[in-house]
Amino acid sequence: MGLFRLSNRQTLAAFLPIILGLAWLPAHAQGLRPSGGATPSSASTSPSRVAARHGLADFVVAVVNSEPVTNNEVAERALRLGQQMVLQGEARPNQAQLLQLALDMLINEKLQLQLAEKAGIKIEEAAIRDAELNVAGQNRIPLDEVLKRLELDGISREQFRATLRSQLTLSRLREREVEARVKVSENEVDQRLLELQNPASLLDAELNIGQVLVAVPEGTAPSQLTDLQARAQRILERARSGEDFSALAREFSDASEASSGGQLGLRSAERYPELFVEALKGRAVGAVVGPIRSNAGFHVLKLLERVSPSDLPSSVTQSRGRHILLRPSPQLSEALALERLQTYRKSIEAGTAEFVALARQHSQDTSAREGGDLGWVNPGQFVAEFEDVMNSLVPGQISAPFRSRFGLHLVQLMERREVPLGERERRSIVRNQVRQKKMEEAHGLWMQEIRANAFVQLREPPL
């Protein structure tokens, strides 16, 4: 069944913050606008509007093939991107880095949109309308309210629709050019399962490490160095004998975090010194190692916590739904298919028709003979646009008609359940993890190919 073909799990609602630079929705749309004042994202602070107000002329900062990228475009993107990072709790780079990131994003988007145009990829008006409704549904507010809040941020409906059109175009291009390259073998799933069972696999994890540092000042005499190493060894032995590591750090550590019990905090392994990660490789949480010599001195380390984003849960939430699929064709226009699904929904809700009977009679999916029943499924088994809608429903609820790459759907969520993670579910989740990683790698290589074959000229600002 085509519906189960996996896609990049980044949904439309996830794409939009990157393109519009919004923490979707804008700051004030999330109740974050300070009372009595404008937010930084308001229309009055838009870089292009500020430039216009002060009589500053825009200028071209890059040419992508024959298409210009203007300074105002870069400034606008950087502003929105910076706001999004702050609202999502991410570390905000300095302004120069932010402007460079915004410029790179704009160049990459323009290159992809140019490719999509050459490939003849076009987005129908109905698809844009569906995308508008999808954004409203993701934010659980009516579309009119979405548009009002965007208008307050200086984003017109025309701009909003243009962004949706571009994002849908990019999505279809990536599906065609990137997804086709990605295959996951059973051997790769087996290998990943083995990695997850290996506590030495720290590089994809977040670690919290405790440290006691015995500092070695510059120019320390060899005899003093021996004494300092012996001191660190005694601290190690006390920690291994069961003494409270935090108390030892507070009493003996020369590091700045001694007052907090020596905790360095939960962070990705790549943000720790390689010396620390290597010393803790193969160790379980609670292990104490040392003394480790660095330029700063002798370190006694304790692995306090390890959190891997790829760790498998003990259970999984499964969903069971049913749907009716209509595929537009020369004999069935999209408008007519949409109208029919709306009629089916009204009939079901009015009690004059049954979902199962309508699915058997009209659905163009292989599930039709089962009354549209899709069975119990794990997260990630449907394409994103279908799963996002089904996840938004409560048991018994019927969705509004919506579009996926396979056609137009009407879906009803029948049940949800929490089940222990069995071997089949483990392999399904791991397969999705491996696929997602390979998708990201394939996308990066694809973008390198595009950039290598493009003419991109960076220009200096006018004097």
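How many strands form the open sheet, and in which order? In this predicted model, 3 strands form an open sheet in the order E2-E1-E11, with antiparallel pairing. Strands pair if DSSP finds at least two bridges between them, and strands (E, at least two residues) and helices (H or I, at least four) are DSSP runs numbered from the N terminus. E2 and E11 stand at the edges with a single partner strand each, so one side of each has no neighbour in the sheet.

| Strand | Residues |
|---|---|
| E1 | 60-64 |
| E2 | 67-70 |
| E11 | 456-458 |

H4 lies across E1, E2 and E11, at about 35° to E1; angles run from 0 to 180 degrees between N-to-C directions, using axes fitted to C-alpha atoms, for helices over the stretch in contact. Leu-111 is buried, with a relative accessible area of 3% (buried means under 20%, exposed over 50%, partly exposed in between, with a 1.4 Å probe and protein chains only). Leaving aside neighbours within four places in sequence, Leu-111 is in contact with Val-64, Asn-65, Ile-450, Arg-451 and Ala-454, where contact means heavy atoms within 4.5 Å.

Residues are numbered from 1 along each chain as its sequence is written. Local features need pLDDT of at least 70, side-chain atom pairs count only at pLDDT 80 or more, totals for chains, interfaces and linings use all residues, and side-chain values use heavy atoms, leaving out hydrogens and water.
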